[in-house]
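Please consider the sequence and the structure shown below before reading on. The points that follow are meant to be checked against them.

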Amino acid sequence: MKILVTGGAGFIGSFLVDSLVQEGHKVRVLDNLEPQVHRSGQLPDYFNKNAEFIQGDMRDYEKVKSAIQGQEVIFHEASMVGVGQSQYQISKYIASNSLGTANLLDVLVNTKNNVEKLIVAASMSSYGEGRYRCTSCGDIRPPLRSPEQLKAEEWECFCPHCRRELKPIPTNEDARQNNNSVYGLSKMDQEQLCMIIGRTYSIPTVALRYFNVYGPRQSLSNPYTGVAAIFMSRIKNNHPPVIF
């Protein structure tokens, strides 16, 4: 099949490209080579030589329109990532993630194309705080830890009713989404925009809520990498990782 992978030069996207090429698909990549991820601004050495590359931004209508032509499946992986950073780069995150996805969908439904399926990279961050269990009060979705609690170095979550320490348990996939960051909101925008348009225009659409993906090719200069970057930086400098 002919497959377009947006963000296909990045960490997750590049591994997806490798797998699709290995399975015999003809793969095209649209990626803006975001400097925060690709510090050199160049296509990384690991990029699959058997994939077609187009450099462009999701907010560029004509570039997106060109990239979609002739494609049968779209994996929409392109996104600005990072919870903390999104809280002060608000316009950039909403423009790149929410409006960039809206642009993709606008092209998809208003131009002639052969797209038969859409898969979008959503995020577990849209759930907010996960599910916990209190021995007295049952299952709880607690609020964020307060500044006072963090200053006191109390890292665990406590029951908002009886103040007992909570035990983390798996969060149901159908749990209510409860954003507490601009990044989480923008990822939920991406997911819901794709699902709404998929239903409206009978395009089979799947949203995958990724959860703390890490591994080779991950940029240590990207805030999204979080504690994995801190651990790896310490290990590379012959210091043990510090775990709280």
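1. Basis of the model. This is a predicted model, in which local features need pLDDT of at least 70 and side-chain atom pairs count only at pLDDT 80 or more, while totals for chains, interfaces and linings use all residues. Residues are numbered from 1 along each chain as its sequence is written, and side-chain values use heavy atoms, with hydrogens and water left out.

2. Aromatic pairs. The structure holds three aromatic pairs. Rings of Phe, Tyr and Trp (for Trp, its six-membered ring) pair if their centres lie within 6.5 Å; planes under 30 degrees apart count as stacked, over 60 as edge-to-face and the rest as tilted. One of the pairs is formed by F11 and F15, which is edge-to-face, with 6.3 Å centre to centre and 85 degrees between the planes. F11 and F15 are four residues apart in helix α1 (residues 11-22), so about one helical turn separates them. Helices (H or I, at least four residues) and strands (E, at least two) are DSSP runs, numbered from the N terminus.

3. Accessibility of the first pair. Is F11 buried or exposed? F11 is buried, with a relative accessible area of 14%, whereas F15 counts as partly exposed at 34%. Here buried means under 20% relative accessible area, exposed over 50%, and partly exposed in between (1.4 Å probe, protein chains only).

4. A pair between two helices. The rings of Y93 and Y183 have centres 6.5 Å apart and planes at 90 degrees, so this pair is edge-to-face. Y93 lies in helix α4 (residues 90-110) and Y183 in helix α6 (residues 182-200), so the pair ties together parts that are 90 residues apart in sequence. Y93 is buried, with a relative accessible area of 0%, and Y183 counts as buried at 3%.

5. R217 and the ring of F15. The charged end of R217 sits over the ring of F15, 4.0 Å from its centre. A charge sits over a ring if NZ of Lys or CZ of Arg is within 6 Å of the ring centre and within 35 degrees of the ring normal. R217 lies in the loop between β9 (205-210) and α7 (227-236), and at 26% relative accessibility R217 counts as partly exposed.

6. Positive phi values. Most residues other than glycine have a negative phi. What is the phi of R217? Phi of R217 is near 75 degrees, a positive value in a residue other than glycine. Phi of R163 is likewise positive, near 70 degrees. R163 is placed in the loop between α5 (147-151) and β8 (167-168) and is exposed, with a relative accessible area of 52%.

7. P147, which lies in helix α5, counts as exposed at 52% relative accessibility. P147 and I203 are 56 residues apart in sequence and 45 Å apart in space, C-alpha to C-alpha. M124 is found in the loop between β5 (117-123) and β6 (132-134). M124 and H25 are 99 residues apart in sequence and 29 Å apart in space, C-alpha to C-alpha.

8. Contacts of M124. Which residues touch M124, leaving aside its neighbours within four places in sequence? M124 is in contact (heavy atoms within 4.5 Å) with R209, Y210, F211 and N212.

9. Surface patch. L220, M232 and I235 make a nonpolar surface patch of about 240 Å². Patches are made of residues with over 30% relative accessible area and no salt bridge, with like charges joined within 9 Å and nonpolar side chains (Val, Leu, Ile, Met, Phe, Trp, Tyr) within 5 Å. A salt bridge is a side-chain nitrogen of Lys or Arg within 4 Å of a carboxyl oxygen of Asp or Glu. Accessible areas come from the Shrake-Rupley method with a 1.4 Å probe; for residues, only the protein chains shown count as cover. I235 lies in helix α7 and counts as partly exposed at 43% relative accessibility.
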